[in-house]
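Let's take a walk through a protein model together.

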Amino acid sequence: MSTVDESAPRRTAMPQAPAALPWGPVSIVLIGAFMAILDSFIVIVAGPAIQADLDASDGELQWILAGYQLTYAVFLITGGRLGDLYGRKRAFIGGMAVFTLASVACAVAQTAAGLIAARLVEGLGAAFMLPQVYAVITVLVPERGRPRAFGVLGVVMGLATIGGQLVGGLLIGADLLGSGWRPVFWINIPVGIAAVVLAARYLPESRAARGRRLDIPGVAVLSVTLFLLTFPLIQGQHAGWPWWTWAGMAASLLGFALFIGLERNTASRGGDPLVRMSLFRMRSFSVGILLVITTYTVITSYYLVLSIALQDGLGMSALGAGLVYSPAAVTFFVFSLIAGRLVPRHGRRVLGVGAIVLALGYASTVVVLTCGPAFRPVVVIPTLMLQSAGGGLLITPSLGAVLARIGPGDAGIASGVLSTAQQVGAALGVAVIGVVFFHSFDPAGGRSAAAHALAMSSVFTLASALVAAGLVRLLPDGRRPAADRA
């Protein structure tokens, strides 16, 4: 199998015609993106069935749900760097293989402890796999075609986020052969095997032209630091925000400072740092990372509290709640594809319009829940569609904006930082919106209590969307000259 030469000039190494986009290899890695994100949400729906079958405590159930997210978030940057050093194809196949084998262990687990251990390994596999998705697009797809490629990636990620609850509800409800919750993991096996076979056959190899050693001290310091940040964010709501959650997050700030100093020292000595701090001097990258963190504080957390509002407030099933999201999923799909075609011509203005429309979607939700008729699915479906229209125009192009000026040699590590920003943003959003929602929600209050709590949560997401609109204005324009668009 051929290897992409990253030392060759960019323009001569890549095709320029839109028809020449390598959709075959890109489609293969998109399978990995879909699986990694789907697995975060499909298990949420299966949680009650898992707890009942394995006689798991509330704490064990929390670890079954959060263990995957923890190893996933902590090792994304390391996974991206390993792809740079040893080959993105190799890292993708290895991560997919680990993910698939761990899914087998999850499906056959007989105890809560066994399932927790398998979920931790499953998250590790996803952490090695997902950064390669962004890196492959950055390396293989010519610059003029990347908005379309990232548009499709955004669609895949959005559908995985919403589809996880739909698929989970269908599988739990079907109870195939009396297997209960286990099909939510068995479904990964044939898809994972197919992805490994296809990647081995059709995915070209690529790696960074420079750097051949992994920065072990950097890996150690960053892993501990990300653990100190993400573990309290994941566990804080369930634990009631004890002192150690705040101490952990405070210690993570010291950890990041230590990591930055360590990486700068490594680079000054001519070594290979885990993260080149010079990447953050690029406005598209540094501002783009802040934009991704901000947008991801809303998309995951909002659908989680919406699911609780629909199920606990209105008494809907998990599948019924998932069906409420379906029109929004279709809207996100359409506007993500539209964004991929508009960004090359109109640049950051597309993201700015998306942020405003997203804010209007949340504002309209607040209005209809506080001033409109009684809370019912038909009341919020139009506002969810408005949110998704804005999200498709903002969230999908923001991924491409982060990597727009990244060279092929840094594609893996930049992708790891991007993926970590998504996870940190999602964890931060769940933590904050969880406080807002549960402080406002009384399960005994039924429909009116759910409407009030969802409205208060929408105020938080409205504020985040307005912050995102401000960050968009700080991005480079990103439009291509008219001659390049022809």
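**Around one methionine**

Let's begin with Met249, which touches Leu228, Leu229, Pro232, Leu233 and Trp241, leaving aside residues up to four places away in sequence. This is a predicted model, so keep that in mind as you look around. You will find Met249 in helix α11, which covers residues 243-268. Is Met249 buried or exposed? Its relative accessibility is 15%, and because buried means under 20%, Met249 counts as buried. Now look for Leu226: this residue and Met249 are 23 residues apart in sequence, while their C-alpha atoms are 9.3 Å apart in space.

Next, let's visit the surface. Here Phe34, Leu159, Val330, Phe333, Val334, Leu337, Ile338 and Leu342 form a nonpolar patch, and together they have about 590 Å² of accessible area. Which helix gives the largest share of this patch? That is helix α13, residues 318-346, with six residues. Val334 is found in helix α13. With a relative accessible area of 38%, Val334 is partly exposed.

Finally, how confident is the predictor? The protein chain has a mean pLDDT of 83, and 92% of its residues reach 70 or more. Confidence is highest in helix α5 (residues 88-108), at a mean of 94, and lowest in helix α1 (residues 10-13), at 40. Over residues 5-19 the pLDDT is below 50, and this stretch has 24 contacts in the model beyond near neighbours in sequence. Residues 481-486 also stay under 50, with six contacts beyond four places in sequence. Where pLDDT is low, predicted coordinates should not be read in detail.

Conventions:
Residues numbered from 1 in each chain as written. Predicted model: local features only at pLDDT ≥ 70, side-chain atom pairs only at ≥ 80, totals over all residues. Heavy atoms only, no water. Helix = DSSP H or I, 4+ residues; strand = E, 2+ residues; numbered from the N terminus. Buried < 20%, exposed > 50% of the residue type's maximum accessible area, 1.4 Å probe, protein only. Contact = heavy atoms within 4.5 Å. Patch = residues over 30% accessible without salt bridge, like charges linked within 9 Å, V, L, I, M, F, W, Y side chains within 5 Å. Areas by Shrake-Rupley, 256 points an atom, 1.4 Å probe, with all protein chains shown as cover. Salt bridge = Lys/Arg side-chain N within 4 Å of Asp/Glu carboxyl O. pLDDT = per-residue confidence, 0-100.
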